Each structure stands twice: as structure tokens, then as C-alpha cells.
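User: I'm new to this one. Can you walk me through it?
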Amino acid sequence: MKILIIHGPNLNLLGKREADIYGSMTLDDINNLLNLLAKDLGVELEIKQSNHEGEIVDIIQNSKDYSALVINPAAYTHTSVAIRDAIAAVEIPTVEVHLSNIHKREEFRHNSLIAPVAYGQISGFGFDSYLLGLRAAVSIANACNGNS
Ligand code: DQA
């Protein structure tokens, strides 16, 4: 089983960026943990990061070989109809993740355009949101393929 992780804009700055909100781990640290967990779970992982909306749309459109997606759309969560439509179009089970709890931050972060087309959302557990997201993605991919 192959799972695709997509990190959206500014997540390449993790570790240096608003550490009080997003924590001190770098994106490489998080990716290393994801790769370790993927090994444990016996799944293949591909990890991509982009600061560009259209590039993220392209990545999603080209994801048909994956059993599930885990995406942190970052700021595009709150603005991108294009990313939402791409997820709806590919019909691959998708887990939306956020490091911070978007629902207890500024009001403009409360709405996610992605949530209605995602299988579910995990928000507020720091780097663990990604690890929980990967576990959820494997579980829903198995369920969609008729495995228990
Ligand atoms: C974020 C939350 C978004 O509101 C913000 O724009 C981000 C990161 C998170 O992981 O908590 O860039 O997606």
C-alpha cells in the first residue's frame, strides 16, 4: 500500500516558524518520524511539500497510484477551492491534518474548505497530528479495499 503525504505552504519553515504555535521540530524531523511509522505499519510513503497552490493541485491529480492521502493544506485550507475540487475529483480517501487546533485560533482559520471532501480532520496534536493522520489513512485505505 502506498500513501502520499502532502505538506502545504510555509511548512518548509517548521522549526523556525512560530515555534510557540507549530513546535520546534523541522519538517525533516516530522518526515523521519513518518517514515519510521510507515515502516512499522508496512506501508510505502511518498512525501511532498509545495508552497504553490497549482503545484499541489497537480500533485493531487497525479496521485491515482496511492491508496490514501494525508494533507496539511496549511493556509490553503481556508482559501483553496482548487485544492478542495482536486481532492473531490480523485476520489482517494484523504485525511486533513493540522499541527495547531485551527478551531481555537483566529476566526478566519475556523473554516476549512477541505474538510467537506476529506474523510476526516485531525487538528491540534502538533507533530502527532501527522502520525495519527498516517494511521487513519492506512486504516481507511484498508477499509476501502475490503481489508479489516
Ligand atoms: C496549519 C494551520 C493553518 O491555519 C496555517 O495557515 C498553517 C498551518 C497547521 O498545521 O496548524 O500554515 O495548517
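Analyst: A definition to start. Ala, Val, Leu, Ile, Met, Phe, Trp, Tyr, Cys and Pro count as nonpolar, Asp, Glu, Lys and Arg as charged, and the others, Gly among them, as polar. This is a predicted model: local features need pLDDT of at least 70, side-chain atom pairs count only at pLDDT 80 or more, and totals for chains, interfaces and linings use all residues. Residues are numbered from 1 along each chain as its sequence is written, and side-chain values use heavy atoms, with hydrogens and water left out.

User: How does the shell around the ligand divide?
Analyst: Into 5 nonpolar, 4 polar and 3 charged residues.

User: Which residues surround the ligand?
Analyst: Among them are Arg-17, Tyr-22, Asn-72, His-98 and Arg-109. Each has a heavy atom within 4 Å of the ligand.

User: Which side chain has a polar atom 2.7 Å from a ligand oxygen?
Analyst: His-78. Asn-72 also places a polar side-chain atom 2.8 Å from an oxygen atom of the ligand. These are polar contacts (pairs of N or O atoms within 3.5 Å).

User: Switching to helices. At what angle do α3 and α4 cross?
Analyst: Roughly 5 degrees, with the axes coming within 9 Å. So α3 is roughly parallel to α4 (angles under 35 degrees count as that).

User: What does α3 bring to the contact?
Analyst: Glu-53, Ile-56, Val-57, Ile-60 and Gln-61 (contact means heavy atoms within 4.5 Å).

Technical notes: A polar contact is a pair of N or O atoms within 3.5 Å; within protein, one must be able to donate a hydrogen and the other to accept it, and residues adjacent in sequence count only if both atoms are side-chain atoms. Axes are lines fitted to C-alpha atoms, for helices over the stretch in contact, and angles run from 0 to 180 degrees between N-to-C directions. Helices (H or I, at least four residues) and strands (E, at least two) are DSSP runs, numbered from the N terminus. Angles under 35 degrees count as roughly parallel, over 145 as roughly antiparallel, 65 to 115 as roughly perpendicular and the rest as oblique.
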